[in-house]
Every structure is written in C-alpha cells, then in structure tokens.
Amino acid sequence: MRLLEWEAKEIFRDYGIPIPNGRITSDPMEAREIAEEIGGPVVVKAQIPVGGRGKAGGVRFAETAEEAYEVAKTLIGGEVRGVKVERVLVEEKMDIQRELYLGVVIDRGSRSYTVLATSEGGMEIEEVAARTPEKIIRMTIDPVEGFRVHHARWMVKQIGLIGRDLLRGSDILLRLYRIAVEMDAELTEINPLALTSRGLIAVDARLNIDDNALFRHQTLLERFGESELLDLTEREREARKLGLTYVELDGDIGIIGNGAGLTMATLDTVQLYGGKPANFLDLGGGAPADRVEMAVSFLLADPRVRAIFINILGGITRCDEVARGIIAAREKTGVEKPMVVRMIGTQEEEGRRLLEEAGIHCLDSMEEAAERVVSLLGR
Ligand code: GDP
Ligand code: MN
C-alpha cells in the first residue's frame, strides 16, 4: 500500500517530523481559502501514487491565493504522469537553501533495513544514484541492535550537516527509522528534506507499507483506505469487498485455483496452449462450498469471461466442497458458461461424482484441462 504524500505527511507529523503547513482539497475554491489562510506564496501539489511529479508539472507554485485557485483548477481533474488528479495538497512554500535526501528501505538480501542519506536530494536523485553512487551514504541496520543515535549522527554528518542541523537531522532520521519499523514499511523516504531558514523540513514524503502486514494496521486502513483502492480496477474492488484474492487480466478464460503457486501455473499453462486468462483468482486453502460458489458466481457474472477453468489440488481443500460450490453457483446464477474442472486429492471421488451428475466433466491432468478449455473457445 502506497500512501499518498499528504497521508505519509500526516504519519510523519504524528511521529514528530517537521512538515510544511497545509491541507488537502479536491476543490479549487477551497485551495484559494487554504492559500489565504497561509497568507503567502504556496505550492500546490497533485496527490497521485507516483513520484516524479515535479518534472511532470504536478508541483506548481502560486504567489497569491487567486493564483492558487487557478493552478488547483488546472491540476484537479487533469492528469499527471498518466494518472488522474483528484486532490491537491496546498502548502506554504518553503524557502529552500539545500535539498537533502533521507530514506529507509527494506533490503531483502540482508533481511534488514538499510538507511540511506545524501546531500544531493531533490528531483535528480536517480541520476545521483546512477552517476555518483559514492555520494549516497548507506548503512545496513542490525535488527537486534537497532538504529542508534550515534549511527544517525554519523550519517547526517556524512551528508554535511553540522551543529544544530546535525542534531535535528539525526533526530529526524531516527524518527524515520521508527516509522519504518512500526509501520512495517517497505520504503520510508523524505526527498527533499529541505534546509530552510526555519531549519530542516520534510517537503515531500513517501511511505509504502508491506501489504502482508496491513492486518496489523487496521486503523491506517480506516484512515486512508482510499489509497489502497486507488490502484484497483472496478472488478478488483468488488472482489476485495467479497474477500476474494483476485487480479483482473485482459483475456476471456476465467481461472480459479487454490494456492497462489498453482493458480499462477494455471495461468501459464492456459497461455502455453494459446488461451488468454481473464483473471487470477486464488481460493486459498480449505475453501468451503459457499466460498467456491462466490468465486464461481463472480466469474460467471463477468461478461468478458467466455469459459472457466477450475484447477484444484485437494489437500485441506476438499474436492466435494468445491464440486458443491460449482454446482450451486451454476444453479443460483442460472448462467451457463463452458467449464473445465481439473480436480485431484482429498475427497476426489465424491467431488467427481457430484460434478459428473451435474454434467460437468472432470479431468486429472492440468495440461489436458488447459488444452480443453482453449479448444472450447475454438482456438
Ligand atoms: P516529486 O517530484 O513527486 O518528488 O515532488 P516533490 O514534492 O519532491 O517536489 C518536487 C520539487 O519541487 C522538489 O524537489 C523541490 O525542488 C520543489 N519544491 C517542492 N515544494 C517546494 C517548496 O515548498 N519550496 C520550494 N522552493 N521548492 C519546492
Ligand atoms: Mn520528491
């Protein structure tokens, strides 16, 4: 889950990292009011879940409230980097003397966090990393020892901060690390961290949270649930509401599997035989009949889906439950679409019997089943 800038900034503020004054809005008139309240030059920033907004015209300056209104009006409803802008953040414009960079990223190789800092922050950060990697100071953190005050001080000293700024900078970096750990973040970043006459301020903020840890951040979902849904298609949003693990693809063969690995293999096999999967749908382990019914009904209701391939490896999932679910979905929706089922494992006999009775043929080879479903569509 990628938080938007304003959301990440709210978290940063909770953790005591200084951010500019400002507010979020979807209304140009309100943008004018916010600018009036601020009472000076402002920056109007498109809130989209991608970076590089500065270069793409998504970060605009306005000297007056009237200008803020005009800028907000062009940004809202328009597109920046191919993404529709629904809201803007209106903030006081900072007088920036220097742009620094601070980041905490997951390093899967070392199974720990790596803390990054450079004096060359701002919009050219990728170039800095590519051309002058030595300017980026990194530190791999021992998770047991943690990131300590002396580590943070050493790092910000390396990027040229001295005196008061060194103390403030290391304090910010320590807080950033705490956010990373406590929020289960994959990436926590301030770019730029601006050196201003008022000290160091986080002018931009990024916070990407590990989706697998979201269950530990229920309040976050309630607070900023929209971002989470921002990247999803209409159908994916529906599936999520039903609690289905579903990804929309652009083909016409509906796929249901149990287990992410088997479902992926099913997509590949269908593709291999010349078919085009319409989706990824993983039932997970031990799905009862009503859950199977829900999944099958979901695909039956999708007008793009012309045939369905259900691939089940019975372990904790019982084949008879799957069969009941499939049959119930067909009966209750009354939708007839060609179905190919490959099913082996726990309660296989009973499952097959139920399906055969309902006129659904069951295969035991995944390849055969994939070939069958593709040929059903006349390919
Ligand atoms: P990004 O391009 O999506 O990373 O958006 P940023 O929030 O980082 O803004 C891009 C650039 O705009 C920054 O690197 C700054 O140079 C500039 N910028 C953003 N806010 C301010 C501000 O308040 N004052 C000044 N002077 N520049 C700003
Ligand atoms: Mn930035």
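Domain bounds, as used here, come from an automatic or database domain assignment. In this predicted model, that assignment divides the chain into domain 1 (21-93), domain 2 (98-222) and domain 3 (232-376).

**Domains and the ligand site**

- The shell around ligand 1 takes at least three residues from domain 1 (21-93) and at least three from domain 2 (98-222).
- Between the centres of domain 2 and domain 3, taken over C-alpha atoms, the separation is 44 Å.
- The space that ligand 1 takes up is the largest pocket.

**The shell around ligand 1**

- Ligand 1 is surrounded by 19 residues, of which K45, R53, G54, M94 and E99 are the closest.
- Sorted by class, this shell holds eight nonpolar, five polar and six charged residues.
- Three strands, β2 (42-46), β3 (59-62) and β10 (185-196), each contribute at least two residues to the shell around ligand 1.

**Polar contacts and cover**

- K45, which is listed among the closest residues, places a polar side-chain atom 2.6 Å from an oxygen atom of ligand 1.
- The backbone also takes part: a backbone N or O atom of G52 lies 3.3 Å from an oxygen atom of ligand 1, and a backbone N or O atom of N191 lies 3.2 Å from an oxygen atom of ligand 1.
- Of the 560 Å² of accessible area that ligand 1 has on its own, the protein covers 87%.

**Backbone geometry**

- N191, whose backbone has an N or O atom 3.2 Å from an oxygen atom of ligand 1, is joined to P192 by a cis peptide bond with omega near 5°, and P192 itself lies in strand β10.
- D184 is not a glycine, yet its phi is positive at about 55°; D184 is located in the loop between α6 (163-182) and β10, the latter being one of the strands that supply at least two residues of the shell around ligand 1.
- R81, likewise a residue other than glycine, has a positive phi near 50°, and R81 is found in the loop that runs between β4 (79-80) and β5 (83-84).

Notes: Residues are numbered from 1 along each chain as its sequence is written. Chains are lettered from A and ligands numbered from 1 in the order in which they are written. This is a predicted model: local features need pLDDT of at least 70, side-chain atom pairs count only at pLDDT 80 or more; totals for chains, interfaces and linings use all residues. Side-chain values use heavy atoms; hydrogens and water are left out. A residue is near a molecule or strand if one of its heavy atoms lies within 4 Å of it. A polar contact is a pair of N or O atoms within 3.5 Å; within protein, one must be able to donate a hydrogen and the other to accept it, and residues adjacent in sequence count only if both atoms are side-chain atoms. Accessible areas come from the Shrake-Rupley method with a 1.4 Å probe; for residues, only the protein chains shown count as cover. On a 1 Å grid over the protein atoms alone, a cavity is a set of points where a 1.4 Å probe fits but cannot get out, and a pocket is an open set with protein on both sides within 12 Å along at least five of seven lines; lining residues have an atom within 4 Å of a point. A molecule sits in a cavity or pocket if more than half of its atoms lie within 2 Å of its grid points. Helices (H or I, at least four residues) and strands (E, at least two) are DSSP runs, numbered from the N terminus. Ala, Val, Leu, Ile, Met, Phe, Trp, Tyr, Cys and Pro count as nonpolar, Asp, Glu, Lys and Arg as charged, and the others, Gly among them, as polar.
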